[in-house]
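This report describes one protein chain, taking selected elements in turn. The sequence and the structure are shown below.

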Amino acid sequence: MHDEPGFVTVNLLTGFLGSGKTTLLRRLLAEDAFADAAVLINEFGEIGLDHHLIERIDDEIVLLRSGCVCCTVRGELAEALKDLYSKRERGLVPPFRRVIIESTGLADPFPVLSTIKADPILRHHFRPGSVVTAVDAVNGQRQLDTYIESNRQAAIADRLVITKTDLATDSERQALESRLRRINPDALLVCAGDDDLDLSSLLQNATTMRGDHVQSPSGFYCEEPVWLTNADGAPHRAAISSVTMTVDRPIDWTAFGIWLTMLLNRHGERVLRVKGILNLVGEERPVAIHGVQHLVHTPVHMEAWPSNDRSSRLVFILDGLDGEVLKRSFEAFTLADADVRPPLAIPAE
């Protein structure tokens, strides 16, 4: 699954209330591929684990038949992760190579992801993996219309899983798929009911995927900027939009890194996702970047360009930021000579 040696991968499973993420988690736990996983949930009773349970280690940790460690989070997530890791090192729980965190339905997913980056102890042992978001085929449109949290959960995902498709019409499912594509154009989109669904692929590390798995035939998803709307086409109050940038000449990595760092330091909470492939000065192969708000994954050197087009392509999913101002700032800072670069100034809408 392309995990980093020596580190425990942390995957986030999220989705709005009633989206079916708990059912999806039960399916994951039944897979042999996740026998070396630990799972953090809110309450044992919510997931119905009794028939899987073989041993209760303490009040917060149980061992499942698959070998998976499952524990509840009573307080801060950081402390739960540290305690779980400590028990592993002392041999109190079986060794695990990944942690799956099931977030609550109303939660903004980013604080869970930022926990790892913010804590120096966790950074030494854990690495963020893919984010999987479950979306209800029956109620998903209404939830996206009504709740900002639902939109943020969809926008931040590496994998979007549409659930309850057996209860929805084909037109409802297709409309939801189209809307999710607008919100998050480059996420892998699957249906939970598909017979050929590979559950292990849902937790594959998105930052190390081959380029042809995450780009469209033209070289990149999201060819046109998209503004988030309600199901009836009216502007959405969440003010979530996407903006794409294409650069035909090589980019200086240092200048780009400074610009992105400044952007995320000032507006990180409003940059729901940044993803792209860069043609860098002095590099033959493309470099893939991937970030979620303040959290930026390690850049990855791809094996090859996905097409003959060597242009750099970036997509930003924004919450209340002016995409055109972002573009101008990028061009002025990363494409200008070093002695004439302006200060970063992107007002929030």
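Predicted model: local features only at pLDDT ≥ 70, side-chain atom pairs only at ≥ 80, totals over all residues.

Ser103 has a relative accessibility of 6%; because the limit for a buried residue is under 20%, Ser103 counts as buried. The side chain of Ser103 makes a polar contact with the side chain of Thr14, at 2.9 Å. Thr14 is itself one of the buried residues of strand β1.

Strand β1 spans residues 8-15, and eight of its eight residues are buried. The cover extends to both faces of the strand. On one side lie Val8, Val10, Leu12 and Thr14, and on the other Thr9, Asn11, Leu13 and Gly15.

Two strands pair with β1. Strand β7 (residues 126-136) runs parallel to β1 and is joined to it by seven bridges; within this pairing, Thr9 stands opposite Arg127. Strand β6 (residues 98-102) also runs parallel to β1, with five bridges between the two. Here the bridge partner of Asn11 is Ile100 in β6.

## Strand β12 and its neighbours

Strand β12 covers residues 271-278, and eight of its eight residues are buried. Six bridges connect β12 with strand β16 (residues 312-319), and these two strands run antiparallel. Gly276 has Leu314 of β16 as its bridge partner.

Strand β13 (residues 287-292) is likewise antiparallel to β12, and five bridges join the pair. In that pairing, Lys275 is found opposite His290 of β13.

## The buried face of helix α1

Which residues of helix α1 (residues 21-29) are buried? They are Lys21, Thr22, Leu24, Leu25, Leu28 and Leu29. Viewed down the axis of α1, these buried residues fall within an arc of 155°, and they therefore line one face of the helix. An α-helix has 3.6 residues a turn, so residues three or four places apart point the same way.

Nine salt bridges are counted in the model. One of them joins Arg97 and Asp36, whose closest N and O atoms are 2.7 Å apart. Arg97 lies in the loop between α3 (77-89) and β6, whereas Asp36 lies in the loop between α1 and β2 (37-41), so the pair ties together parts that are 61 residues apart in sequence.

Side chains of opposite charge can pair when their charged atoms come close.

## A network around Lys82

Glu79, Lys82 and Asp119 are linked in a network of salt bridges. Glu79 has a relative accessible area of 48%, which makes it partly exposed, and Lys82 is partly exposed at 23%.

Lys82 also forms a salt bridge with Asp119, with the closest N and O atoms 2.8 Å apart. This pair links distant parts of the chain: Asp119 is in the loop between α4 and α5 (120-125) and Lys82 is in helix α3, 37 residues apart. With a relative accessibility of 14%, Asp119 counts as buried, because that value lies under the 20% limit.

## The protein as a whole

The protein contains 11 helices and 16 strands. Of its 349 residues, 53% are buried. The protein exposes about 15500 Å², and carbon and sulfur atoms supply 50% of that area.

How many of the contacts between residues at least 6 apart in sequence join residues at least 24 apart? The share is 74%.

Note on methods: Residues numbered from 1 in each chain as written. Heavy atoms only, no water. Buried < 20%, exposed > 50% of the residue type's maximum accessible area, 1.4 Å probe, protein only. Helix = DSSP H or I, 4+ residues; strand = E, 2+ residues; numbered from the N terminus. Pairing = 2+ DSSP bridges. Arc of directions from axis to C-beta. Contact = heavy atoms within 4.5 Å. Areas by Shrake-Rupley, 256 points an atom, 1.4 Å probe, with all protein chains shown as cover. Polar contact = N/O pair within 3.5 Å; in protein donor to acceptor, adjacent residues only side chain to side chain. Salt bridge = Lys/Arg side-chain N within 4 Å of Asp/Glu carboxyl O.
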